[in-house]
Amino acid sequence: MSEMVRIALDAMGGDNAPGEIVKGAVQAANEDGRIKLFFVGRQEAIAAELEKYTYHPEQVEIVNATEVIETGEPPVMAIRKKKESSMVKALMMVKEGRCDAYVSAGSTGATLVGGQILVGRIKGVERPPLAPMIPTASGASLLLDCGANVDAKPSNLVQFAKMGSVYMKNVLGIDRPTVGLLNIGAEEEKGNALVKEVFPLLEHCPDINFIGNMEPKDALSGKADVIVSEAFAGNILLKSYEATAGILLREVKSCMKSTLKTKIGALLIKKKLKDTLGKFDASEYGGAPLLGLNGLVVKAHGSSKAKEIHNACLQCVTFKEQRICDQIKEIIRVKDE
């Protein structure tokens with residue numbers, strides 16, 4: 001059997017913890033024998049959930065943690081003071097090399113802080129970006145940054161483009177991923193000071209396939225494989241997209257159930273409709289990795305159900321197999337000290 005991929009799960013993080021966390025992770029382990037799960041959290045609660053499922057005992061372990069970092073807590077203080085929390089203990093397992101990856105649906109702020117303070121950045125990486133996959137009309141694109149660096153510098157965005165290209169090439173198998181810069185217009189002179197300054201840097205960067213500025217509509221049409229932005233605009237794009245997709249999905253389902261005729265029509269196109277709506281389900285792609293760290297840190301939605309956790313665990317396998325951390329180290333140019 002191939003080398004095991006050891007995943008530390010913050011079993012107490014998220015709206016549906018620990019039930020959906022355990023369910024999704026066990027599903028992933030049953031699907032892929034290379035996965036070894038370490039559920040970090042309150043032992044009795046995790047054990048009670050595990051009793052509901054059948055799994056190979058050698059693939060599952062519980063690590064007791066008595067504290068939980070709640071969503072509303074100040075991230076830095078929580079990471080420093082709650083040493084016995086499920087989040088801190090799980091991140092420390094990655095830092096110490098006992099695990100290859102960390103997955104959490106808990107506090108985004110604490111995950112970002114903990115990832116950088118505890119797991120640590122790859123040498124030469126200025127600011128790790130949070131990089132979710134977003135469904136598009138032509139498949140999916142990687143958006144970075146969507147929440148980690150609101151006040152980014154031009155050099156940060158260049159690194160985002162490089163790391164995003166590495167990820168898309170090796171995780172999705174795109175030979176030469178296209179890179180677009182999120183902007184209010186396609187023209188080079190458009191945008192604020194940041195995007196105007198970074199445009200020529202991306203244009204002359206030999207490590208990426210830059211195709212220019214992109215408006216939000218272009219991003220969602222799938223014009224580029226990698227969408228580069230600072231976190232303020234990126235987060236607005238992501239949340240607007242998720243909200244719009246959710247509203248449309250609810251409206252379509254409501255319409256299909258409104259009359260006898262629409263119910264009959266829905267039955268006739270059920271499979272095709274399910275396939276079409278499934279293309280806009282972000283949970284298909286797992287969580288958002290925090291790229292540029294010395295280990296894999298994956299942030300899932302706070303409302304994650306088993307499906308997203310399952311896919312996040314499988315995502316960890318690909319990340320390790322493709323040596324994403326090592327390849328990011330190779331592409332980031334470290335300045336001579």
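Labels and their grounds

Q: Where does Lys95 lie?
A: Lys95 belongs to helix α4. The model is a predicted one.

Q: What makes Lys95 buried, exposed or partly exposed?
A: The relative accessible area of Lys95 is 47%. Buried requires under 20% and exposed requires over 50%, so Lys95 is partly exposed.

Q: Which residues does Lys95 contact, leaving aside neighbours within four places in sequence?
A: Lys95 is in contact with Leu118 and Val119, where contact means heavy atoms within 4.5 Å. For Gly286, 191 residues away along the chain, the C-alpha separation from Lys95 is 22 Å.

Q: How do α4 and α5 pack, and which residues meet?
A: Helix α4 (residues 86–95) and helix α5 (residues 108–119) have axes 9 Å apart and an angle of about 35 degrees. The crossing of α4 past α5 is right-handed. From α4 come Met87, Val88, Leu91, Met92, Val94 and Lys95, and they meet Ala110, Thr111, Gly114, Gly115, Leu118 and Val119 of α5. The contact of α4 with α5 has 8 nonpolar, 3 polar and 1 charged residues.

Q: Which residues form the contact of α1 with α2, and what is the hand of the crossing?
A: On α1, Gly19, Val22 and Val26 take part, and on α2, Ile46, Glu49 and Leu50. The residues of this contact divide into 4 nonpolar, 1 polar and 1 charged. The crossing of α1 past α2 is right-handed.

Q: What makes α1 and α12 parallel or oblique?
A: The angle between α1 and helix α12 (residues 306–321) is about 45 degrees, and their axes are 7 Å apart. Roughly parallel would need an angle under 35 degrees and roughly perpendicular one of 65 to 115, so α1 is oblique to α12. The crossing of α1 and α12 is right-handed. The α1 side of the contact consists of Glu20, Ile21, Lys23, Gly24, Ala25, Gln27, Ala28 and Glu31, and the α12 side of Ala306, Ile309, His310, Cys313 and Leu314. By class the contact of α1 with α12 has 7 nonpolar, 3 polar and 3 charged residues.

Q: How do you know whether Cys313 and Cys255 are buried, exposed or partly exposed?
A: Cys313 has a relative accessible area of 0%. That is under 20%, so Cys313 is buried. Cys255 has 44%, and this lies between the cut-offs of 20% and 50%, so Cys255 is partly exposed.

Q: What makes Ser229 buried or exposed, and where does Ser229 lie?
A: The relative accessible area of Ser229 is 3%. Buried means under 20%, so Ser229 is buried. Ser229 is in the loop between β9 (226–228) and α9 (231–256). Beyond four places in sequence, the contacts of Ser229 are Leu144, Asp145, Leu157, Phe160, Leu182 and Gly234.

Q: Which peptide bond joining Leu144 to its partner is cis, and at what omega?
A: The bond from Leu144 to Asp145 is cis, with omega near 15 degrees. Asp145 lies in the loop between β6 (139–144) and α6 (154–171). Another cis bond joins Ala17 and Pro18, with omega about -5 degrees. Pro18 is in the loop between β1 (5–10) and α1. Most peptide bonds are trans.

Q: What is the phi of Arg323, and where is this residue found?
A: Phi of Arg323 is near 55 degrees, a positive value in a residue other than glycine. Most residues other than glycine have a negative phi. Arg323 sits in the loop between α12 and α13 (324–331). With a relative accessible area of 40%, Arg323 is partly exposed.

Methods
Residues are numbered from 1 along each chain as its sequence is written. This is a predicted model: local features need pLDDT of at least 70, side-chain atom pairs count only at pLDDT 80 or more; totals for chains, interfaces and linings use all residues. Side-chain values use heavy atoms; hydrogens and water are left out. A crossing is left-handed if the near helix is turned anticlockwise from the far one by less than a right angle, and right-handed if clockwise. Helices (H or I, at least four residues) and strands (E, at least two) are DSSP runs, numbered from the N terminus. Ala, Val, Leu, Ile, Met, Phe, Trp, Tyr, Cys and Pro count as nonpolar, Asp, Glu, Lys and Arg as charged, and the others, Gly among them, as polar. Axes are lines fitted to C-alpha atoms, for helices over the stretch in contact, and angles run from 0 to 180 degrees between N-to-C directions. Angles under 35 degrees count as roughly parallel, over 145 as roughly antiparallel, 65 to 115 as roughly perpendicular and the rest as oblique. Buried means under 20% relative accessible area, exposed over 50%, partly exposed in between (1.4 Å probe, protein chains only).
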